[in-house]
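Colleague: I am new to this structure and would like a close look at a single part of it. Could you take me through the metal site, and then through whatever surrounds the picture?

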Amino acid sequence: MAKLHTIENAYLLIEHDHIVAFGPDQECPVDRADEVIDCLGKMVLPAFCDSHTHLVFAAWRENEFVDRAKGISYEEIAKKGGGILNSATKLQEASEDFLFDQALIRLHEVMHMGTGAIEIKSGYGLTVESELKILRVIRRLKEQKLIPIKASFLGAHAMPAIYKTDRPGYIRLITKEMLPQIADQGLADYIDVFCDKGFYTVEETDQILEAGARFGLKPKIHANELDYSGGIQVGVRHKAISVDHLQWTGQEEIDALQSGETIATILPSTAFFLGLSYAPARKMIDNNLCVALASDYNPGSSPSGNMSFILSLACIKLKMVPAEAINALTINGAAAMESGDRLGSITPLKSANIIITKPVSSLAFLPYSFGSSWIDRVILRGKPI
Ligand code: NIG
Ligand code: FE
């Protein structure tokens, strides 16, 4: 992961929406170019691939943010009906058009911050109608053809209050009502479960992932954000594309990840925003795991989709070196959306999704200058945005 192939004084040729060639400047086929962008002193990077977001939601939750500043914990807020359940109530009341308009604004926002592909989850619906509503919004976002989007069905995000004493009842709703309709309408690419303390148990996760598999949905799950939940092991057992969060990862979890192909996705802005401990990224990479980084953009635990900030957090808090962090935000993020063949690196035939930086002295300057905007231009599918 620490290898980032670079060429100094390079050219890059884009045709329509894809990369055609690159190489040393002296070999630049200038006669083939209709338009030339001079990047003197700048860097050209692949656009970010954000493989974990909750971009569709009805309202922000800054009141809970203030409650936390006063010392109430994220888990306490959730227990009092705040948190995900609060977002679900608001979303159930919101119209599909409103949700679409709001999500589209956020999608444009992250594209301008360099995101060139994104995964978006449901999970703030928690009823048959509202889960389908979010997934339809994601489908409409896909239809805009702005950037590649993957949709994950996260009906098992929290337990709705009315099922508190009938957990199997809600799981039946997921497996027997939601999943068949979602599969029938082709609304999801993946299935997700929040397998963690106070949310879904390993047994429940097992059941839901098994049902998902019957409908052809591969897992990408939330695991070990709040405790050693067994989520990593159950994800690996079900051949999840990725397990995400992973603050609570010990040797057993690392062994499990080494035994399979599941990508370890770390979401450091959640740990930052909630004041939780960080995932042991260094240990994971030193154990040869494939680590991806994503934003977790959502109103409760990471109200920002700024991947430049994730890059800084990765180096400052996770002790990743800049090259590792860039790989985790690009090619490994693409792999965590099964899109590594078309996205995530500057490679001929891949989509022309690139970031041009302002003039910078080195790669390290990007994470180092945290909070500053070092992006000059973003080109997605061959077009400046
Ligand atoms: O990834 N961990 C679970 N779900 C989301 C955020 C939930 C919320 O507070 O809205 C996450 O952090
Ligand atoms: Fe999440």
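Modeller: What follows begins with the metal site and then turns to the pockets and to one helix. Please keep in mind throughout that this is a predicted model.

The iron ion (ligand 2) is held by four residues, with His-52, His-54 and His-222 each coordinating through NE2 and Asp-296 through OD, at 2.1 to 2.3 Å. Read along the sequence, these donor residues follow the spacing H-x1-H-x167-H-x73-D. His-52 sits in the loop between strand S4 (48-50) and helix H1 (62-69), while Asp-296 sits in the loop between strand S11 (291-293) and helix H12 (307-316), so this pair ties together parts that are 244 residues apart in sequence. Buried here means under 20% relative accessible area; His-52, at 0% relative accessibility, therefore counts as buried, and Asp-296, at 1%, counts as buried too.

Turning to the open space in the model, the largest pocket holds about 1,800 Å³. Its lining is made up of 50 residues, and those that lie nearest its centre are Ala-10, Tyr-11, Leu-12, Cys-39 and Val-44. Two or more lining residues are given by each of strand S1 (10-15), strand S3 (44-46), helix H13 (322-329) and strand S12 (354-357), and S1 provides the largest share, six residues. Sorted by class, the lining of the largest pocket has 28 nonpolar, 13 polar and nine charged residues.

The second largest pocket holds about 470 Å³ of space. It is lined by 17 residues, of which Ala-78, Lys-79, Leu-85, Gly-198 and Phe-199 are the closest to its centre. Helix H2 (74-79) and helix H3 (83-93) are the elements that give two or more residues to this lining, with H2 giving the most, four residues. By class, the lining of the second largest pocket divides into eight nonpolar, four polar and five charged residues.

Finally, helix H6 (residues 167-184) has 18 residues and reaches 25 Å from its first C-alpha to its last, which is close to the 26 Å expected at 1.5 Å a residue.

Note on methods: Residues are numbered from 1 along each chain as its sequence is written. Chains are lettered from A and ligands numbered from 1 in the order in which they are written. This is a predicted model: local features need pLDDT of at least 70, side-chain atom pairs count only at pLDDT 80 or more; totals for chains, interfaces and linings use all residues. Side-chain values use heavy atoms; hydrogens and water are left out. Donors are N, O and S atoms within 2.8 Å of the metal (3.2 Å for Na, K and Ca); water is not among the atoms, so sites may look incomplete. Buried means under 20% relative accessible area, exposed over 50%, partly exposed in between (1.4 Å probe, protein chains only). On a 1 Å grid over the protein atoms alone, a cavity is a set of points where a 1.4 Å probe fits but cannot get out, and a pocket is an open set with protein on both sides within 12 Å along at least five of seven lines; lining residues have an atom within 4 Å of a point. Grid points are joined across faces, edges and corners, and a volume is the space filled by probe spheres set on the points. Ala, Val, Leu, Ile, Met, Phe, Trp, Tyr, Cys and Pro count as nonpolar, Asp, Glu, Lys and Arg as charged, and the others, Gly among them, as polar. The expected span of a helix is 1.5 Å times one less than its number of residues.
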